[in-house]
Amino acid sequence: MSNQVWGLNGKSVLVTGASRGIGRSIAIALGEAGANVSLTYTGSSENSEKNAREVCELVEKAGGKALALALDLSNTEQIKDTVDQAFKHFGGLDGLVNNAGIVIDQLALRYKEDDFSKLMDVNVKGTFFVCKAALRYLGKSGMGSIVNMSSVVALSGSAGQAPYAASKAAIIAMSKSLAREMAPRNLRVNVIAPGYIDTDMTSFMEEGQKEALLERIPLKRVGKPEDIANGVLYLLSPLSSYVSGQLLNINGGLYM
Ligand SMILES: NC(=O)c1ccc[n+]([C@@H]2O[C@H](COP(=O)([O-])OP(=O)(O)OC[C@H]3O[C@@H](n4cnc5c(N)ncnc54)[C@H](OP(=O)(O)O)[C@@H]3O)[C@@H](O)[C@H]2O)c1
């Protein structure tokens, strides 16, 4: 698609968790739209930084500009520094995609308190404090837009995922509240709830589980990261300038 269509050419966007999976696709799609992309990775595994550098190359090859920044969402100090660096490097911030998130699945009877805290620290507290650090900058943009990543299980529930589903439901409530709070500054806040998308996060599924899942998806396929990236670009773009506080389900019809 021509980079003029989205109206994001030369705009600066921060995408968290863009070294892999959905975030990687979002960063590359933004590159194709001609955006300046600050993308984060944790640096916690051997390949994390290497993957992020590779995404930077792909963003630049696609026509955008890229900056890779290390960020662990459970570190609130680092969050502020990262957002500041993204703003300074590209001389502004027009969009934020809170994509990074973790999943820790376990039946409720066996769930450990430490795992619950870790999940909430990254998915809920981390997402909120990235928003907080970015609000001032996004407010200056005149066309600021935040897209937060929830999940279909926030709406449908999912056995073995009670804390994860709760963390993703919190993101919906948080986003609607921020949408109301920031509307006077023309700053929009929306949420995407992906269904099952083919990434490392869902790679643990066994063949039998995948087949059972496909039975329940009306469009009869698992989603691709690009399916989510397309929705993110729409919500960042001026094409959605009258859309705020909304939840966009991208799930092949799995939940309606
Ligand atoms: N895949 C799905 O089916 C699905 C469905 C619904 C919702 N979602 C949501 O969509 C988002 C992306 O999912 P995904 O499947 O693309 O995940 P993924 O493949 O596991 O990638 C996760 C990304 O987040 C980063 N990350 C992990 N822990 C982090 C932390 N503590 N602080 C900052 N960044 C961290 C990772 O960086 P490193 O590479 O450095 O580890 C990586 O870039 C998540 O919020 C997820 O909950 C996914």
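This is a predicted model: local features need pLDDT of at least 70, side-chain atom pairs count only at pLDDT 80 or more; totals for chains, interfaces and linings use all residues.
User: How far apart are the end C-alpha atoms of helix H3 (residues 76–90)?
Analyst: Helix H3 has 15 residues, and at 1.5 Å a residue they should span 21 Å. The separation in the model agrees with that expectation. The end C-alpha atoms of H3 are 22 Å apart.

User: Within what arc do the buried residues of H3 fall, seen down its axis?
Analyst: The buried residues of H3 are Ile-79, Thr-82, Val-83, Ala-86, Phe-87 and Phe-90. Seen down the axis of H3, they line one face of the helix, because they fall within an arc of 130 degrees.

User: Which exposed residues does H3 carry on the face turned away from its buried side?
Analyst: The buried side of H3 is covered by elements that include strand S1 (12–15), strand S2 (36–41), strand S3 (65–70) and helix H4 (113–141). The face turned away from that side carries the exposed residues Glu-77 and Lys-88.

User: Which residue follows H3, and is its phi positive or negative?
Analyst: The residue after H3 has a phi near 70 degrees. That value is positive, and the residue is Gly-91.

User: Which helix gives the most to the shell around the ligand?
Analyst: Helix H1 (21–32) and helix H2 (48–62) each supply at least two residues of this shell. The top contribution is three residues, and the helix that gives them is H1.

User: Which residues come nearest to the ligand?
Analyst: By class, the shell has 14 nonpolar, 16 polar and three charged residues. Of the 33 residues around the ligand, those that come nearest are Gly-17, Gly-21, Ser-48, Gly-101 and Met-201.

Methods: Residues are numbered from 1 along each chain as its sequence is written. Helices (H or I, at least four residues) and strands (E, at least two) are DSSP runs, numbered from the N terminus. The expected span of a helix is 1.5 Å times one less than its number of residues. A residue is buried if 20 or more other C-beta atoms lie within 10 Å of its own, exposed if 12 or fewer, and partly exposed in between; C-beta atoms are placed from the backbone. The arc is that of the directions from the helix axis to the C-beta atoms. Two residues are in contact if their C-beta atoms, placed from the backbone, lie within 7 Å. A residue is near a molecule or strand if its C-beta atom, placed from the backbone, lies within 6 Å of it. Ala, Val, Leu, Ile, Met, Phe, Trp, Tyr, Cys and Pro count as nonpolar, Asp, Glu, Lys and Arg as charged, and the others, Gly among them, as polar.
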